[in-house]
Amino acid sequence: MTAAEISRIAGVTRATVSNWRRRHDDFPAPSAGTETSPLYDLPAVQAWLRGRGHTSTASPTEELRTALRLLGPGSGVAARLFPLVAAASRRTPEELAELAALPDDQLIARAEKTAGELPVAVPEAEPVRYGPDDAGAVRALLGCVREAGAQAAVDVLAERELDEGAASGVYQTPEGLALLMARLLPAGASRVLDPACGSGTLLAAAARQGAQGLFGQDSLPVQGRRTAVRLLLAAPEAETAIRVGDSLRADAFPDVTVDAVLCNPPFADRDWGHDELAYDPRWAYGLPPRFESELAWVQHALAHLEPGGYAVMLLPPALAFRSSGRRVRAELIRGGALRAVVSLPARAAYPLHIGLQIWVFQRPEPGGTDRTTVLFVDGESEQRGGATGTPSATGTATAGAGTRGGSRPRRSGSSSAASSTPASSASAASFDWAGLTDRVLGQWAAFTTAPDTYADEPGVARAVPLVDLLDDVVDVTPARHVRATAADIDPAALARRVHELHEQLAEQVAALAATSASGGWQPSGDSAREWRTATVSDLARGGALTVLRAATPGTRGSKGPAAPTVDRPVLTAQDISAGNPPSGGAVDLHTDAAQPVAAGDVLVRAVAGGGDATAVTRVADDRDAGALLGPNVHLLRPDPARLDPWFLAGFLGAEDNIASASTGSTLVHVTPGRLRVPLLPLEEQRRYGEAFRRVYELRAAVRRTADLAAGTAATLTTGLTAGVLLPADTPEAPKGGDSRSA
C-alpha cells in the first residue's frame, strides 16, 4: 500500500505519515516500490497503527479495495470471493466478526467451507479454494459484508474485474430507473428475462415487484456472477437461471418464453452479428440494419415473450429517428408491437450526456384487439421547463405536470448534483426518480386502462394514432409528438391565475428579504477561530451520538430495531437535497428492517458531489418524525444533553468537511464516521445551531422563490404565445388582426 493509502486508513494527512517514517524507528520499512514511491505491507502497517492506538477510519468498502489491490493483478481472488459474499450474507454480524477473528489458516478453511454452502446458482461455479495470501482479502470481505452490506461487497469485487464507465462501455442501470421500468410491467408478470443482465439491477427490481422466475444472460462472466449473487441476496426464494454468453449469437434460453423482458442492451454495437444472423427467425419485423444493433435486441426480446407479454427496454434517442431503422420501426408500429416511448432527461442515467428513452413493447396476440395508438411521454419537459406552470384544459395553471400520477410540484434543478464537475451538475444517484415515476406511471395506467378514450396532457403525454406515425420519417421521438399547450385554454381563467401567481410571488419575495436580513453577524476577530475537533466516530464511541445507516440496495438490513413498512412514508436522499417532507414509499425501501426517523435526528446524504449546491445535511422535524429512513441516507441521533442538532448538521455539511470524508469522483460517497465537529460547550453549540437554522431557512426561501418565479414566467409565456393573454398596458388590437402596424 502507498503512503496515501496509509493516510486514508489512519485518518491523517500524508505529511503525518512522512513524519512517522522519520521519527519512529519501528515504523514498517517499505517492502516494494521505489525510493520516491515506496509501498508498504498492509498487515505490518495495521499492526503498527494498532500498537499506537490509531483505529482505521477507512470505510469497509475502501478497506476491501485496498486488500484486493495488495494481491496484485491476475490473482483472480475477486472472482473466487463472489460465492463467499452470498454465503456470508446469511450469517449474523456476530458470526462474521467471530469468523474474521480466526487465525489465517483457520479463517481460510472456514471460508472455503462457508462458500461451499452456496447453491449452484453462480455460472460456472466450481469448488472454491483460497490460499494463505488470500486471508487479508477474505477478512476485509467479511468486514465489508458486516458493516456495509453484501451488495456493497459484490460491487467492490466487480470493480476489481470490471471498469464501469466510458472506457469499457459498461454502465450500471440506476436503481430508480430499474424500478420505473419494472413497474411498467403488468402486475402478473412472474417470469422475467434480461438478455443483457449486467449487474442484475433490472432483475432485482422485477423480483421486488413479485417476479418469481428470473432469467439472465451476459457476455461477461464477472457480470453473470455478480447478477447471480445479487439475486440470491435480493430474492432468495425466486427461481433464478443466470448464464454467460452472447445472447444474440448464442442464446442460452432458445426455447424459453416469459411474461416480460427487461433490458438495457449495449448501444451502437457494430459487431452484433449482422451477417451471420441475416436469416435468423427472430427478425419478424425486418432484418436489423448493421448499425442498428438495438433493433436486434428489441426483436430478440419480442421473440422470447408469450403472446401479450411486455418488454420494457432502455434505448438511445437516435433509435427513434435514424433513417436506417425507419423500416423496422414502421413494422413495429404497423404490427402493434410498439406501445409507448418515454423520454428521460439527460443525466438521469449513464451515459450522462444523453437523454435516453424507455420503449415499451407488447407481443401481439392472435386474434387480439387491434391497437390504434402509441403513447408518448415527454420526461424531458421538466428539464426544459416546458410544462411547469402550463395551463390545463380547464384554464388553471398546474404546479407540475403528470397530475394523473399525483406528482409533486417541479423545481428548477431538482436533479441535484452528485458529480464533482460543474458540467455534470446532476447524476443518476440524486435524480428525482419518485417524481418522474409518478408522472410516467400515471400516464401509462390511464392509457392502458382505456386507450381509446385516453385524454392527452399538454407538455407531458399524448396518444398518437398509428397512421400519423407512418410517414416518410417514422420519427417516434416523444418531444415531436407531445403538444406543449392545451388547445382550449380559458383566457379569463388564465388571467386570474397570473394575477394570483404575481401576488404569491410578491409575498414570497418579501419573505425572502426578511429571511436574508443581516441579523447582526459579527467578525470573529483579526483571524479565524481555531478549535479542537473530534470525528463522528469518536463522538459515537463516547456516547454523544448514535450513527444509524439505512440499507443500500440489496443489503441485509440496517442497524437498529425493525419497523413496520405499511402506510409509512420514506425519507429519501432527494428529500434532503430539495428540502421536501418524506416523499418515498415502500418501493424505496430495500430491507424489512427500516429505521424510523425521530425529530432532532441529523440526516446526512450518503452520496454527495463536489460543487453540489444542494443541502447534504438537515435536521429532522415533526413532519419527518415516524418516517422510515430510505436508502443512501445516514442518520445521526445526538444526545441533546451533549450535542445541539443544528450545530451538528451545520458543521457536518460544510463543503471542506464533506470533501475530506468522501471517496470517489463522479459519485462521491460520504463516510459519516470521518466527518469532524468542533468541541464546544453546549451553550455555544446552541448559538451556532440557531445561526445554522437561519441559514437553512434562507436556503429554503430562495428555493421557494425560484420555483414560484419559474412557474409564473412559464405561465405568462404560455398565455402570450397561445394568444390568450395580451401584453400588459397595451391597447387591445383591432379584431381581424390588422397587420399594418407590424
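Modeller: Contact here means heavy atoms within 4.5 Å, and among contacts in the chain between residues at least 6 apart in sequence, 75% join residues at least 24 apart. This is a predicted model, in which local features need pLDDT of at least 70 and side-chain atom pairs count only at pLDDT 80 or more, while totals for chains, interfaces and linings use all residues. Residues are numbered from 1 along each chain as its sequence is written, and side-chain values use heavy atoms, with hydrogens and water left out.

Colleague: Why are helix 10 and helix 16 called roughly parallel to each other?

Modeller: The axes of helix 10 (residues 175-183) and helix 16 (residues 433-449) come within 10 Å and cross at roughly 15°; angles under 35 degrees count as roughly parallel, and the two helices are therefore described in that way.

Colleague: What makes the contact between them, and how do its residues divide by class?

Modeller: Gly 176, Leu 177, Leu 180 and Arg 183 of helix 10 meet Trp 433, Thr 437, Val 440 and Leu 441 of helix 16. By class, the contact has five nonpolar, two polar and one charged residues, where Gly counts among the polar ones and Arg as charged.

Colleague: What makes helix 10 mostly covered?

Modeller: Buried means under 20% relative accessible area with a 1.4 Å probe, protein chains only, and seven of the nine residues of helix 10 are buried, including Leu 179 and Met 181. Their cover includes strand 6 (258-263), strand 7 (305-315) and helix 16. Across the chain, buried residues make up 51% of the 742 residues.

Key:
Axes fitted to C-alpha atoms, helices over the stretch in contact; angles between N-to-C directions. Helix = DSSP H or I, 4+ residues; strand = E, 2+ residues; numbered from the N terminus. Parallel < 35°, antiparallel > 145°, perpendicular 65-115°, else oblique. Buried < 20%, exposed > 50% of the residue type's maximum accessible area, 1.4 Å probe, protein only.
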